[in-house]
There are 2 protein chains.
Amino acid sequence: MNNRHPLDNYMNEISDIVSTALSDVLPKEWDIPSSLKEAMNYSLMAGGKRLRPLLVIAACEAGGGTREAALPVACAVEMVHTYSLVHDDLPAMDNDDFRRGKPTNHKVFGEAAAILAGDALLTHAFYSVIQASRKHGIPAERVLSIVEDLAVYAGPRGMVGGQVADMEGEQGLTSLEQLEYIHLHKTSDLIMFSLIAGGRIAGVTDEQLDALRTYGHHIGLAFQIQDDILDLTGDETKLGKKTQSDVKQQKVTYPYFIGLEASKEEVERLTSEAKAVVTGAGFADPLRLIEIADFLKSRDH
Amino acid sequence: MNNRHPLDNYMNEISDIVSTALSDVLPKEWDIPSSLKEAMNYSLMAGGKRLRPLLVIAACEAGGGTREAALPVACAVEMVHTYSLVHDDLPAMDNDDFRRGKPTNHKVFGEAAAILAGDALLTHAFYSVIQASRKHGIPAERVLSIVEDLAVYAGPRGMVGGQVADMEGEQGLTSLEQLEYIHLHKTSDLIMFSLIAGGRIAGVTDEQLDALRTYGHHIGLAFQIQDDILDLTGDETKLGKKTQSDVKQQKVTYPYFIGLEASKEEVERLTSEAKAVVTGAGFADPLRLIEIADFLKSRDH
């Protein structure tokens, strides 16, 4: 399944496939208010790395499944990620006017429309998951577990819990323990979900699901620490945003708690462990997962 | 299963069972930020008629299923209904300070917390649906169809689509056709979902699912027209809110388009047809559904 062209070709290929699939998650013939469809598509098609869909597909292919069967869940996780950004940008939350260089959803469509577009994206994500069964014949019991995981990892014990903790952290209550809670739930949970769901579609063993969960936990945390590091040391042109924003906003970060060098070492350690755990889990083809872990570690934006 | 005590005893009994179950959808031992749990529970436990859970359970019992097996989906639909109210009350939307005589969620917890509590309730509803399989052994294929229905009836083609159309309607764009679109999606869709889901749990036939859908469509629309009528003619003490608010807010209503008498006749006609369709569908025990249709028609608040 994986042609062995370089990782960035693979990532571009998957990103294109996912973007095409996302552009079709609200078929023309459906009776949806046009303004709602427009607001949903605006944020869905605003670009971004498509990291979570990539992880769904890479995990599925590592376990011997096809990328076609993984696509409905890949789209679902991107819808959930997108809804969380749309709501996060709202005036009552982070009050951001721009994301990835484009005006945020509520700046274009208004606050009420942005709230509803987010609600619709979240709800429709569950519809998309079901299509793994309807269109690709993945057994109902497996798809049910994916729905359950999505509700857990994106719900009050997962991503939304992380958002609430983050919001409270901005009021100056943060400890290293709380910072880890925020990172785990706000970022890693959806990454773990993506990997486990990809594995479930491929029908991997429970031990392999555990390996994917640990891999996801580690690369998710490394990703977040790397974000903190780049905010301190990165190149503003490559990042597409101002650096030192965490310092200016007095946000606590990994470097704040453990220092810059120890943060870099932690990224190395987590990445090595993530690679080790998927290497030792007996996957048909774990190479892309290993490459992705290295790529995330070495990214400069 | 149904003891033949009067309908209001039955409704109180179901309401108590549902409220008890709802008070336990976020178990104490779960690691959720306490402020999030509090905001979710505040609106979940704020009372209300528990009409949608009643319909899930009544449809399930009509089809020969147990109320215990229907309870996870009954809780799910109430969570979805509750999230929609929390978001609808937000300043950017209807900007309501009170609901059922209590301060709205964002008045108590703040806007950001209310947005996130709504998001968490919506996500957690899907977790609750899955428990029909996990706790009560309902076959995975049936539960998958319930998840799919919930995503459709509550999503962009359903309830959220109705909310968007309603919001646009407030800008003076409304025709009778648009009013019907709003009522169908904003109100009837979740009612239809409740009935179909109850039927699916009981394992009724496709023809019976169609009957439940038609029944739900008719009582949902009758419910909404009755709301419009009560706003014109009702008793403020019984309603717990000011009458004539639609006229004052220049909201278009059924009486506005077709007159008060024709609106009352429409409620009668829809109720009769709803009763006829469930009577003729060969249910084990359709009496509660018939009684509920009559109850909704004659309600004065």
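This is a predicted model: local features need pLDDT of at least 70, side-chain atom pairs count only at pLDDT 80 or more; totals for chains, interfaces and linings use all residues.
View 1. Residues are numbered from 1 along each chain as its sequence is written, chains are lettered from A and ligands numbered from 1 in the order in which they are written, and side-chain values use heavy atoms, without hydrogens and water.

**View 2. The interface of chain B and chain A.** Chain B and chain A each give 51 residues to the contact (heavy atoms within 4.5 Å). The copies meet through the same surface, because 100% of the interface residues of chain B are also interface residues in chain A. About 4,300 Å² is buried between the two chains, and carbon and sulfur atoms give 72% of it (accessible area, 1.4 Å probe, that two parts lose on being put together, summed over both). In chain B, Leu144(B), Pro156(B) and Arg157(B) lose the most area to chain A, together 15% of what that side buries.

**View 3. A salt bridge between the chains.** Glu141(A) and Arg134(B) form a salt bridge, their closest N and O atoms being 3.1 Å apart (a side-chain nitrogen of Lys or Arg within 4 Å of a carboxyl oxygen of Asp or Glu). The count between chain B and chain A is four salt bridges.

**View 4. Arg67(A) and Glu13(A).** The closest N and O atoms of this salt bridge are 2.6 Å apart. The pair links distant parts of the chain, 54 residues apart: Arg67(A) lies in helix α4 (residues 67–88) and Glu13(A) in helix α1 (residues 7–22) of chain A (helices are DSSP runs of H or I, at least four residues, numbered from the N terminus). Arg67(A) is buried at 8% relative accessibility, whereas Glu13(A) is partly exposed at 29% (buried is under 20%, exposed over 50%, partly exposed in between, with a 1.4 Å probe and protein chains only).

**View 5. A network of salt bridges in chain A.** Glu268(A), Lys275(A), Asp294(A) and Lys297(A) are linked in this network. Within it, Lys275(A) and Asp294(A) meet at 2.8 Å, N to O.

How values were computed: Helices (H or I, at least four residues) and strands (E, at least two) are DSSP runs, numbered from the N terminus.
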